[in-house]
Amino acid sequence: MLKNHQGSVYSVAFDPGSDATRIVTASADKTCKLWNVEDGSLVASVALGKDVGDMQTAVAWPKASHSGPVSFSLDGACNYLAADLAGAPTKVVEAP
């Protein structure tokens, strides 16, 4: 598991709605990836930019109000992602 990243993995979060069978990772390769914990397979991946500031340094998967993970970029952006990581972030909050 995690061999599909092209950079260091900085953060891991469990999907609170999956009975601990899925995790999401945030990486220096500017991606977040969704994994099946039971068999180690890659489920989905989303690229979040091309610049150094787009490296994903942290990820959290809150239980309340939002259905997907939230990742944080080196440049301070907060990226709200879909639960299946499909498509672009549903919302991006830029650092001031």
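Aspartate 15 is a buried residue, its relative accessible area being 8%. In this predicted model, aspartate 15 is joined to arginine 22 by a salt bridge, and their closest N and O atoms lie 2.6 Å apart. Arginine 22 itself is partly exposed, with a relative accessible area of 23%. The structure holds one salt bridge.

Four of them form an open sheet in the order S1-S2-S3-S4, with antiparallel pairing. Strand S1 (9-14) and S4 are the edge strands, each pairing on one side only. On average, neighbouring strands of this sheet are turned by 20° against each other, direction ignored. S1 and S2 run antiparallel and are joined by five bridges; valine 9, for instance, has serine 27 in S2 as its bridge partner.

Turning to the nonpolar residues, the largest nonpolar core has 12 residues in all, made up of Ala13, Val24, Ala26, Cys32, Leu34, Ala44, Val46, Leu48, Val59, Trp61, Leu81 and Leu85. At least two residues of this core come from each of strand S2 (22-27), strand S3 (31-36) and strand S4 (42-47). In soluble globular proteins, nonpolar side chains tend to be buried together.

Leaving aside residues up to four places away in sequence, valine 24 touches Ser11, Val12, Ala13, Cys32, Lys33, Leu34, Val59, Trp61, Pro69 and Leu85.

Definitions and conventions:
Residues are numbered from 1 along each chain as its sequence is written. This is a predicted model: local features need pLDDT of at least 70, side-chain atom pairs count only at pLDDT 80 or more; totals for chains, interfaces and linings use all residues. Side-chain values use heavy atoms; hydrogens and water are left out. A salt bridge is a side-chain nitrogen of Lys or Arg within 4 Å of a carboxyl oxygen of Asp or Glu. Buried means under 20% relative accessible area, exposed over 50%, partly exposed in between (1.4 Å probe, protein chains only). A nonpolar core is a set of buried Ala, Val, Leu, Ile, Met, Phe, Trp, Tyr and Cys residues joined through side-chain atoms within 4.5 Å. Helices (H or I, at least four residues) and strands (E, at least two) are DSSP runs, numbered from the N terminus. Contact means heavy atoms within 4.5 Å. Two strands pair if DSSP finds at least two bridges between them. Axes are lines fitted to C-alpha atoms, for helices over the stretch in contact, and angles run from 0 to 180 degrees between N-to-C directions.
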